Amino acid sequence: MSQLRTVQVLGGGSAGSSAHVGSLAAGLVARGVQVTVCAPAALDRAYEFSATGAHFTPVPRRSDPAAVAALRAACAGADVVHAHGVHAALRAALALGGRQVPLVVTWHTRTHAEGARRRLLHLMERRSARAASVVLGASSDLVDRARRRGARDARLAPVAIPAPRVPPSVPDGKVRAEIGATARPLIMAVGSLVPHHGYGTLLDAARMWRRLDPVPLLVIAGEGRERAALRRRIKDEDLPVSLIGSRTDVPELLAAADLVVLPSRWEARSVLAQEALRIGAPLVATAVGGVPELVGDAAALVPYANAEALARTVARLLGDPAERERLAAAGPLQAASWPTEDDTVAHVLSVYDELAQPLAAARTS
């Protein structure tokens with residue numbers, strides 16, 4: 001075969017999917033594949049796709065004629081188009097317009113909605129699944145979901161993201177002092193401030209932690225539309241919680257924490273869970289989506305939206321240094337069992353070859 005030509009399509013791009021595309025682009029280019037990344041311009045500034053050796057084409061997250069035309073032009077001559085997420089898949093299918101080009105779709109996560117929006121999302125997922133030659137799911141339940149939506153071929157994918165940078169040797173005491181957690185336990189949560197990340201339940205648990213001595217400080221790093229409501233609750237209920245906004249020193253914060261909490265309604269391969277376990281930070285997470293298969297026995301799992309179970313588990317671990325040490329030691333061992341970036345690139349490339357070779361043979365026959 002001549003040089004394989006692929007186009008990677010991102011929509012809004014979650015942190016996990018954007019990091020994955022950057023890793024995938026770098027690995028494919030290193031293996032001689034011609035890669036074009038189509039995404040909003042802001043994502044290239046944040047994730048530096050161009051620096052991987054891939055060609056970058058700015059395409060806004062819209063489905064208007066201009067955006068579709070730009071995507072169609074970028075996909076011209078591609079052997080395989082790979083869309084990441086439901087919205088990106090629908091736009092890629094529209095841009096391809098029935099051309100005989102294999103469309104691979106990776107479902108990294110799922111969107112939560114209610115009422116009419118939930119029905120619309122169901123329809124979008126179904127169209128995305130049926131438009132794809134292959135749907136790759138980041139977790140087993142996403143693979144099952146794609147099959148229920150009508151995917152003709154859905155497979156579990158070894159989706160890896162780049163390992164977080166190793167935190168510099170900054171004394172934990174200095175980090176804790178900067179965020180006001182001296183002489184008291186530090187509990188860290190990281191993520192955008194949106195309803196499905198479960199921060200309402202986390203604040204319910206924080207109210208119960210006021211009975212502990214000393215009272216732990218819950219620090220939440222992230223921004224989002226729920227910030228004002230969370231701040232109002234923290235103030236009105238006098239909760240031991242600090243919102244510190246978006247941070248660039250997350251590895252240092254995780255390394256300094258006594259516990260990391262992930263209270264989400266659903267996650268596939270949570271970036272926070274991966275970072276915490278790799279660093280060796282004890283993790284308490286909800287037993288949802290792909291979390292149990294991701295963390296194994298290297299984290300304490302609790303039901304979603306159960307503030308009492310979350311509060312009780314955190315209190316137990318704060319009072320049990322030996323169990324925290326066990327979790328801290330188990331995290332890196334569990335992380336070592338995850339697929340590597342090389343595993344991910346090799347798997348994706350095998351899927352591309354499987355889909356592209358029959359078409360190439362048909363063109364030359």
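Predicted model: local features only at pLDDT ≥ 70, side-chain atom pairs only at ≥ 80, totals over all residues.
**Exercise 1. Find which helix gives the most to the lining of the largest cavity, and describe that cavity.**

Step 1: the helix to look at is H15 (residues 341–364), which contributes three residues, the most of any element. Helices here are DSSP runs of H or I with at least four residues, strands are E runs of at least two, and both are numbered from the N terminus.

Step 2: Residues are numbered from 1 along each chain as its sequence is written, and side-chain values use heavy atoms, with hydrogens and water left out.

Step 3: now the space itself. On a 1 Å grid over the protein atoms alone, a cavity is a set of points where a 1.4 Å probe fits but cannot get out; a pocket is an open set with protein on both sides within 12 Å along at least five of seven lines; lining residues have an atom within 4 Å of a point. Points are joined across faces, edges and corners, and a volume is the space filled by probe spheres set on them. There's one cavity of 30 Å³ or more, and the largest cavity comes to about 50 Å³.

Step 4: His-20, His-82, Thr-106, Leu-136, Ala-157, Pro-158, Val-159, Thr-344, His-347 and Val-348 line the largest cavity. By class that's five nonpolar, five polar and no charged (nonpolar: Ala, Val, Leu, Ile, Met, Phe, Trp, Tyr, Cys, Pro; charged: Asp, Glu, Lys, Arg; polar: the others, Gly among them).

**Exercise 2. Work out what lines the second largest pocket.**

Step 1: its space is about 260 Å³.

Step 2: 14 residues line this pocket, with Arg-99, Val-101, Leu-103, Ala-131 and Ser-133 nearest its centre. Helix H4 (86–96) and H15 are the elements that give two or more residues to the lining.

Step 3: sorted by class, the lining has eight nonpolar, four polar and two charged residues.

**Exercise 3. Describe how H8 packs on H9, and how H13 packs on H14.**

Step 1: two packed helices are described by the angle between their axes and the distance between the axes. Axes are lines fitted to C-alpha atoms, for helices over the stretch in contact, and angles run from 0 to 180 degrees between N-to-C directions.

Step 2: H8 (residues 199–209) and H9 (residues 227–236) have axes that come within 11 Å and cross at roughly 10°. So H8 is roughly parallel to H9 (under 35 degrees is roughly parallel, over 145 roughly antiparallel, 65 to 115 roughly perpendicular, the rest oblique). Tyr-199, Gly-200, Leu-203, Asp-204 and Arg-207 of H8 touch Leu-230, Arg-233 and Ile-234 of H9 (contact: heavy atoms within 4.5 Å).

Step 3: H13 (residues 307–318) and H14 (residues 321–335) pack at about 100°, axes 6 Å apart. They're therefore roughly perpendicular to each other.
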